Amino acid sequence: MKKIILLLSCVLMCSMVSAQEKKDHKEPQRKKVAVVLSGGGAKGMAHIGVLKVLEKAGIPVDIVTGTSMGSIIGGLYAIGYNANALDSMVRVQDWGYVISDNEDLRNQSLSDRKKQNTYLFSTGLTLGKKDKNAGGLIKGKNLAELFQQLCVGYTDSLNFSKDLPIPFACVATNIIDNSEVDFHSGRIAQAMRASMAIPAAFSPVRIGDKVLVDGGLKNNYPADIAREMGADVIIGVTVQGAPKVAEDMGGAMSSRCHSPASAIWNT
């Protein structure tokens, strides 16, 4: 009996030593990787190509932040769309309809269709109470509906760091006091819509006492937010060209605006 007790004691001691050795020699914890996507209008579609490269290389993404177009690509990626799904979604959309306030052709009368084919922009006038969402050439009704459809399953008010597959944040600008508004929670479709509301083009998004427009006015490359969320390594993608000077502001389609996307790797 004593021999059995002695044997069990030896086995127990060996197990404790082995466990302590594993604890002392555990592998270092993997660093958190954040992808930061800038604004940049249609050029922001280049973000999808970068995400494809990251997926092909097997690089994990732990955090996503974005502004304007970067908030749209980043937000959809954060809720589970992979790069190929985003690419397919971009290709099949009728963007002329999406970025307009036109009615779905299936719901339009013949006269409405004729007006739509005649005029580049058309809108209705409402007499009486002023539309509280006025303030831009395009109200963004169809765009908001598209975001709602794409965010199915994530349409409630959420904590973007806890309730999404990948923690996410995006940036808008409050034109009431010209302050930066960082979205870490709320309705993700509404946050993306606010972040890309280009002034004078799209109507602003009103949330409480805030009137929100494109986040690029305050923080077009939100790497600082990614750091605050715990990122150790930042893979940044910017599709903006060099800072504009006075003569560049004469035309929105200036040749200087056509710059290729570039990636910035920060550690």
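A salt bridge is taken here as a side-chain nitrogen of Lys or Arg lying within 4 Å of a carboxyl oxygen of Asp or Glu. The structure is a predicted model, in which local features need pLDDT of at least 70 and side-chain atom pairs count only at pLDDT 80 or more, while totals for chains, interfaces and linings use all residues. Residues are numbered from 1 along each chain as its sequence is written, and side-chain values use heavy atoms, with hydrogens and water left out.

By the salt-bridge rule, the count comes to 3. One of them joins the side chains of R30 and D62, with N and O 2.9 Å apart. R30 lies in the loop between α1 (2-24) and β1, and D62 in the loop between α2 and β2 (63-67), so this pair ties together parts that are 32 residues apart in sequence. Helices (H or I, at least four residues) and strands (E, at least two) are DSSP runs, numbered from the N terminus. R30 is partly exposed, with a relative accessible area of 48%, whereas D62 counts as buried at 19%. Buried denotes a relative accessible area under 20%, exposed one over 50%, and partly exposed a value in between (1.4 Å probe, protein chains only).

A further salt bridge is formed between the side chains of K52 and D87, again with an N to O distance of 2.9 Å. Because K52 belongs to helix α2 and D87 to helix α4 (residues 83-92), the pair ties together parts that are 35 residues apart in sequence. D87 also forms a salt bridge with R91, the closest N and O atoms being 3.2 Å apart. Both D87 and R91 lie in helix α4, 4 residues apart, or about one turn of the helix. Through shared partners, the salt bridges join K52, D87 and R91 into one network.

Two packed helices are described by the angle between their axes and the distance between the axes. Helix α2 packs against helix α3 (residues 69-78) at an angle of about 35°, with the axes 10 Å apart. Axes are lines fitted to C-alpha atoms, for helices over the stretch in contact, and angles run from 0 to 180 degrees between N-to-C directions. On the α2 side the meeting residues are H47, I48, L51 and E55, and on the α3 side G70, I73 and Y77. The residues of this contact divide into 4 nonpolar, 2 polar and 1 charged; Ala, Val, Leu, Ile, Met, Phe, Trp, Tyr, Cys and Pro count as nonpolar, Asp, Glu, Lys and Arg as charged, and the others, Gly among them, as polar.

S38 is placed in the loop between β1 (33-37) and α2 (46-57). This serine is buried, with a relative accessible area of 0%. Apart from neighbours within four places in sequence, S38 has contacts (heavy atoms within 4.5 Å) with residues including H47, G70, N220, Y221 and Q240.

A search of the whole structure finds 1 aromatic pair. The rings of F160 and F168 have centres 6.0 Å apart and planes at 40°, so the pair is tilted. Rings of Phe, Tyr and Trp (its six-membered ring) pair if their centres lie within 6.5 Å; planes under 30 degrees apart count as stacked, over 60 as edge-to-face and the rest as tilted. F160 is buried at 0% relative accessible area, and F168 likewise counts as buried at 0%.
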